There are 2 protein chains.
Amino acid sequence: MKIKLGPSPIVFPMPAVLVGTYDGGGTPNAMTAAWAAACCHQPPCVGVAIRHNRLTFANIEVRKAFTICVPGTALAKQVDYLGIVSGKREPDKLAKLGLETSPCPTVEAPMIDACPVVTECRLHSQLEVGSHTWFVGEVVDVHVAEQLVGEDGQIDIDALDPLSYATSAGEYRALGGPLGAAYAIGKELKTD
Amino acid sequence: MKIKLGPSPIVFPMPAVLVGTYDGGGTPNAMTAAWAAACCHQPPCVGVAIRHNRLTFANIEVRKAFTICVPGTALAKQVDYLGIVSGKREPDKLAKLGLETSPCPTVEAPMIDACPVVTECRLHSQLEVGSHTWFVGEVVDVHVAEQLVGEDGQIDIDALDPLSYATSAGEYRALGGPLGAAYAIGKELKTD
């Protein structure tokens, strides 16, 4: 038996990532986002929902670019801080946290150096939904800390140790253990 | 030092959920999706990226509705199967897996009974991105297995035991242990 909890925008689990942008003057900013996902294969795109009053919203509109920076669990406190404190009130928030940035090679957005995976995005399109806009970025490159990349060219997900956000409980989570390979473990259920 | 892996649409971690739809004749379908996220607070909306040739794509266009059904890890094999086998080739794939469905109270989409959390969505808007369309659903209600709802009205994330998808490794993962409360653990980094 299911009970009705009323409307709320939930998906489990969510990622907890940082959205990197520059303002018009070149100051880097990062905000925490759990409302982000891959959203197209060709061209390769990721999307993120941003509230209209955010500094990140204004920065994306100006620079037409952003990064999705994937932190490891060691950055959980910094990630939480960057979700609490706005760059409008605290323009130096990255510096105060000791988080250094580097310019992306191609687009006008910063990479958070401490994040082992950075997706470099050029603004592709956007959809006004309501309180939030869904910004779609075309991925021009993915930058990964070299110690995370195996001989097969794949990202070692255990070495990355990404952060999750579990909404209803309002807490950060680590990723858990393996449950089987995709496009593989379901094959045994085929009946023909 | 970071190395360039080239463009690909990655975010870590991703959810692994089922998108429930009815076709024009009323046959329920479910496909696996990792490219899904919350995308608006007001109105409450979630989004999911669907490739144009999918049965789910056609079904959403006809019914203007879908569900996001969150499975527990016990359903990992079924979830994988539903990502491998199209409802176009196997219209009875849900029945073959023994997965029963119930109609949503408000919209024309099925709830997968075995999924402990079901988000009931009316199509709100859509964005053509390329190979995929980003479908935004306004959440009209969230249905949760009653044993998962605590006295505080919150969903017990450990009892839910949701599935993650870790792209680069191409495997399903469980959710791991708690790392601290959101809007809380970052406060100690405030300097004023």
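Through which surface do the copies meet, the same or a different one? Good morning. Before I answer, a word on the model. This is a predicted model, in which local features need pLDDT of at least 70, side-chain atom pairs count only at pLDDT 80 or more, and totals for chains, interfaces and linings use all residues. Residues are numbered from 1 along each chain as its sequence is written, while chains are lettered from A and ligands numbered from 1 in the order in which they are written.

Now to the answer. Of the interface residues of chain B, 99% are also interface residues in chain A, so the copies meet through the same surface. Two residues are in contact if their C-beta atoms, placed from the backbone, lie within 7 Å. The contact draws 94 residues from chain A and 95 residues from chain B. On the side of chain B that touches chain A, strand β13 (residues 171-181) of chain B gives the largest share, eleven residues. Strands here are DSSP runs of E with at least two residues, helices are runs of H or I with at least four, and both are numbered from the N terminus.

Strand β13 of chain A is joined to β13(B) by seven bridges, and these strands run antiparallel. Two strands pair if DSSP finds at least two bridges between them. One bridge links A:Gly180 with B:Tyr172.

How are the copies related? Chain B is superposed on chain A by a rotation of 180 degrees with 0.0 Å of shift along its axis, at an RMSD of 0.0 Å. The two copies are thus related as by a two-fold rotation axis. The superposition is by least squares on the C-alpha atoms of residues with pLDDT of at least 70 in both. In chain B, the residue that comes closest to the rotation axis is B:Gly176, at 1.9 Å (C-alpha).

Let us turn to the interior of chain B. Six of the six residues of strand β3 (residues 17-22) of chain B are buried, so this strand is largely enclosed by the rest of the structure. A residue is buried if 20 or more other C-beta atoms, placed from the backbone, lie within 10 Å of its own. In a regular strand the side chains alternate between the two faces of the sheet. Both faces of β3(B) are covered, with B:Val17, B:Val19 and B:Thr21 on one side and B:Leu18, B:Gly20 and B:Tyr22 on the other.

β3(B) also has partners. Six bridges connect β3(B) with strand β4 (residues 28-33) of chain B in antiparallel fashion, and B:Leu18 stands opposite B:Thr32. With strand β7 (residues 65-70) of chain B, β3(B) pairs in the antiparallel sense over three bridges; here B:Val19 has B:Ile68 as its bridge partner.

How values were computed:
A residue is buried if 20 or more other C-beta atoms lie within 10 Å of its own, exposed if 12 or fewer, and partly exposed in between; C-beta atoms are placed from the backbone.
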